[in-house]
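Please look at the sequence and the structure shown here before reading on.

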Amino acid sequence: MISDERVEKAMHMLADTDIEAAKAKALVKSLEVYGKTVKAFAFLEATGTVAEREAKALNSDRYEEWRTDYDEAVIKSETLANRRQTAAGEREVWRSLQANRRQGA
């Protein structure tokens with residue numbers, strides 16, 4: 001059973017995280033584009049064959065920093081999305097229970 005207090009908390013969580021969730025998702029998208037830029041600059045700075053330059057670019061410190069930032073952003077965005085989905089699910093279960101209660105079920 002989902003209490004009124006629990007669904008109220010879920011509704012507040014959803015309302016309070018709208019902007020945070022949007023910013024987290026935007027950061028992931030921004031970092032996806034930035035990763036290509038980081039890789040391109042590292043590629044241009046490297047020497048050797050195309051394959052060697054590609055390998056050096058993917059192993060560069062800047063690319064590794066980007067990868068860490070990207071991974072952290074994805075984790076934050078997905079965690080927040082999952083928490084919001086759970087809260088929305090709790091709200092829907094509560095609504096169904098309320099509708100059944102009104103129908104006398």
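## Helix α1 and what covers it

Among what covers the buried residues of α1 are α2 (18-45) and α4, where contact means heavy atoms within 4.5 Å and buried means under 20% relative accessible area, exposed over 50% and partly exposed in between, with a 1.4 Å probe and protein chains only. This is a predicted model, in which local features need pLDDT of at least 70, side-chain atom pairs count only at pLDDT 80 or more, and totals for chains, interfaces and linings use all residues. Residues are numbered from 1 along each chain as its sequence is written, and side-chain values use heavy atoms, with hydrogens and water left out.

Helices are DSSP runs (H or I, at least four residues), numbered from the N terminus.

| Side of α1 | Residues |
|---|---|
| Buried | V7, A10, M13 and L14 |
| Exposed, turned away from the buried side | E5, K9, A15 and D16 |

Seen down the axis of α1, the buried residues fall within an arc of 115°, so they line one face of the helix; the arc is that of the directions from the helix axis to the C-beta atoms.

The axes of α2 and α4 come within 9 Å and cross at roughly 160°, the axes being lines fitted to C-alpha atoms over the stretch in contact, with angles from 0 to 180 degrees between N-to-C directions. That makes α2 roughly antiparallel to α4, a term for angles over 145 degrees.

Within helix α4 (residues 61-102) lies T86, which counts as partly exposed because its relative accessibility is 47%.

Note on methods. Helix = DSSP H or I, 4+ residues; strand = E, 2+ residues; numbered from the N terminus. Parallel < 35°, antiparallel > 145°, perpendicular 65-115°, else oblique.
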